[in-house]
Amino acid sequence: MNDKNLTKKVFEELKKQGLYEQEDTIEDEDGENENKSEGSNDQFCEIICKLLHSQTQVHILHLQTTSYSEHKALQGYYEGIDALVDGLVESYQGKHGLLKNYKTFDMVDYKSNDQLIKYFKELLEIISDNRDSVKESYLQNQIDTIEELINSTVYKLKFLK
């Protein structure tokens with residue numbers, strides 16, 4: 001085995017173990033470097049996919065509830081989350097390249113106020129479990145703002161009848 005193949009195998013093994021990170025780049029038509037590992041951050045994509053899904057899911061729940069206070073709380077969420085997720089993804093992609101491999105999830109029908117609160121708590125848990133996939137403080141701040149919106153919605157669902 002020649003030195004080049006051995007070096008390549010060592011780097012691949014270090015990458016697998018999370019001990020080595022290097023952005024692979026390729027040159028585009030204009031001679032500019034382009035990120036070759038676009039979309040490789042599955043943890044961050046998990047957050048984004050769930051948040052994008054939440055906008056439509058919450059809109060459906062908003063249309064199905066018979067409670068005016070739930071209706072308004074859910075409206076505040078689905079109207080607010082779009083711009084927040086859009087800003088977060090654009091900031092992320094400006095630094096790390098395009099996200100790929102988006103996932104979709106099934107929709108559920110409205111059942112109860114408890115179901116709504118549980119849904120938002122699970123959303124917060126997904127964010128918490130995956131937010132360390134980004135290190136930049138400005139991205140963390142954008143995630144904080146999304147958590148603010150979720151927690152504000154939970155407050156309204158719990159206490160404003």
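Reader: Where does Ser133 lie?

Author: This is a predicted model. In it, Ser133 sits in the loop between α4 and α5.

Reader: Is Ser133 buried or exposed?

Author: Compare the relative accessible area with the cut-off. Buried means under 20%. Ser133 has 16%, so Ser133 is buried.

Reader: Which residues does Ser133 touch, leaving out those up to four places away in sequence?

Author: Ser133 touches Asn41, Gln43 and Phe44. Cys45 and Ser133 are 88 residues apart along the chain, yet their C-alpha atoms are separated by 9.4 Å.

Reader: What does the side chain of Ser133 reach?

Author: The backbone oxygen of Asn130, at 2.7 Å.

Reader: Which residues of α5 are buried?

Author: Among them are Leu139, Ile143, Ile146, Ile150 and Leu157. Gln140, Glu147 and Thr153 are buried as well. The cover over the buried residues of α5 includes α2 (42-64), α3 (68-96) and α4 (113-130).

Reader: How do the axes of α3 and α4 cross?

Author: Use the angle. Under 35 degrees counts as roughly parallel. The axes of α3 and α4 cross at roughly 20° and come within 12 Å. The two helices are therefore roughly parallel to each other. The crossing is left-handed. Glu70, Leu74 and Tyr77 of α3 make the contact with Asn113, Leu116, Phe120 and Leu123 of α4.

Key: Residues numbered from 1 in each chain as written. Predicted model: local features only at pLDDT ≥ 70, side-chain atom pairs only at ≥ 80, totals over all residues. Heavy atoms only, no water. Buried < 20%, exposed > 50% of the residue type's maximum accessible area, 1.4 Å probe, protein only. Helix = DSSP H or I, 4+ residues; strand = E, 2+ residues; numbered from the N terminus. Contact = heavy atoms within 4.5 Å. Polar contact = N/O pair within 3.5 Å; in protein donor to acceptor, adjacent residues only side chain to side chain. Axes fitted to C-alpha atoms, helices over the stretch in contact; angles between N-to-C directions. Parallel < 35°, antiparallel > 145°, perpendicular 65-115°, else oblique. Left-handed = near helix turned anticlockwise from the far one by under 90°.
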